[in-house]
Amino acid sequence: MESLWAILAPTEFVEETRTELKFKHLQPIAQAGNFFLFRGEPRHVAWAAVTWLEVKRLPAPSIGAAAKALRPLARRWALLPSLHHRRASLIFEQLRPLPQAPVEFPTALALPEGSAAFTMLDAQEVLWCRFFDRPDPLGRVEFSEDRESAPSRAYLKLWEALCLSGKWPAAGERCVDLGACPGGWTWVLASLGARVLAVDRAPLDPRIATMPGVSFRKGDAFQAKPSSLGKVDWLCSDVICVPEKLLELVEEWVAAEAALHYVCTLKFQGAADPAVVAGFERLGRVLHLAHNKHELTFVR
Ligand SMILES: C[S@@+](CC[C@H](N)C(=O)[O-])C[C@H]1O[C@@H](n2cnc3c(N)ncnc32)[C@H](O)[C@@H]1O
């Protein structure tokens, strides 16, 4: 039987996805907008909002026939708009939609049981899927935001990375936050009761610097070596730097077995070099989060 899988590229970064696909010798058999369909076994693509792991074809001779055939296959549906959107929308109207509710932090994100998604690249055929590498078939993650306490919106990336992996620092765990200013990530970690060493050339927001468990070291994040800091539970980095430099730092921490968990942002100026991304992939997972901009997140 034909094995199909697909990715949804992050809408604003389809070019980055194409470059990575070329680098990984992944040739789509079809593409529309940010949807790329492949034959064979699914592979990891970092510049993807979500991977559809097992895509099935279903004949759609009419709107009614397609809806009737899809209904017993899943309880709740999401529609990925692509080609034939009008026709797909009319089918979707006859299905129960997947509810979208903002998530409270911290919550381990999981796909609600019985969820599926479909799209149409051909007027006579539906492509549908029940298995995804993310908790939402379209890669969406929406949080109940805290607009009062957090000093910047960067905390949403860390919330998402932690909720996706279903793990976050326990009270008393030791975290290092590199490039911490103004303090969104430190605020997340300290709010969980963790002990945080925040490192930045610029000062923390005073509201964050005075939180229980927070200490601050002014200086270069790249001088924060495992040899001087000792072992930590979480190494977090949102430093603005070229990804090559971050890779060296992460490799050093991994080689020293100095951190149990990692959440680090790879920030790109200009085109993202897929070879550097592959370097991170040798050490852990690299994802494009719903809250990443021209960035990827390394987790381990
Ligand atoms: C995107 S901001 C971090 C935002 C932070 N995660 C938050 O949630 O508020 C990047 C930070 O990296 C810091 N930075 C850049 N290069 C650095 C270096 N070599 N050493 C220390 N901090 C650095 C900048 O001063 C800046 O505060």
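This report describes the ligand site, the pockets and some backbone features of a predicted model.

Residues are numbered from 1 along each chain as its sequence is written, and side-chain values use heavy atoms, with hydrogens and water left out. Because the model is predicted, local features need pLDDT of at least 70 and side-chain atom pairs count only at pLDDT 80 or more, whereas totals for chains, interfaces and linings use all residues.

**The ligand and its surroundings**

Around the ligand there are 19 residues, and those that come nearest are Gly184, Asp200, Asp220, Ala221 and Asp238. A residue is near a molecule if one of its heavy atoms lies within 4 Å of it. By class, this shell holds 9 nonpolar, 5 polar and 5 charged residues; Ala, Val, Leu, Ile, Met, Phe, Trp, Tyr, Cys and Pro count as nonpolar, Asp, Glu, Lys and Arg as charged, and the others, Gly among them, as polar.

| Residue | Residue atom | Ligand atom | Distance |
|---|---|---|---|
| Cysteine 181 | polar backbone atom | oxygen | 3.1 Å |
| Arginine 201 | polar side-chain atom | nitrogen | 3.2 Å |
| Alanine 221 | backbone N or O atom | nitrogen | 2.8 Å |

Taken alone, the ligand exposes 600 Å², of which the protein buries 86%; the areas come from the Shrake-Rupley method with a 1.4 Å probe.

The largest pocket contains about 520 Å³ of space, a volume being the space filled by probe spheres set on the points, which are joined across faces, edges and corners. Its lining has 31 residues, and Gly179, Asp238, Val239, Ile240 and Lys267 are the closest to the centre. By class, 13 of the lining residues are nonpolar, 7 polar and 11 charged. At least two lining residues each come from helix H4 (155-165), helix H5 (184-191) and strand E10 (195-200); helices (H or I, at least four residues) and strands (E, at least two) are DSSP runs numbered from the N terminus.

The second largest pocket has a volume of about 310 Å³. Its 13 lining residues include Pro99, Gln100, Ala101, Val103 and Pro135, which lie nearest its centre. This lining comprises 9 nonpolar, 1 polar and 3 charged residues.

**Backbone features**

Cysteine 181 is joined to proline 182 by a cis peptide bond with omega of about 5°, and proline 182 is found in the loop between strand E9 (174-178) and H5. A cis peptide bond also joins phenylalanine 105 and proline 106, with omega of about -5°; proline 106 is in the loop between helix H3 (85-92) and strand E7 (115-122).

Methods: A polar contact is a pair of N or O atoms within 3.5 Å; within protein, one must be able to donate a hydrogen and the other to accept it, and residues adjacent in sequence count only if both atoms are side-chain atoms. On a 1 Å grid over the protein atoms alone, a cavity is a set of points where a 1.4 Å probe fits but cannot get out, and a pocket is an open set with protein on both sides within 12 Å along at least five of seven lines; lining residues have an atom within 4 Å of a point.
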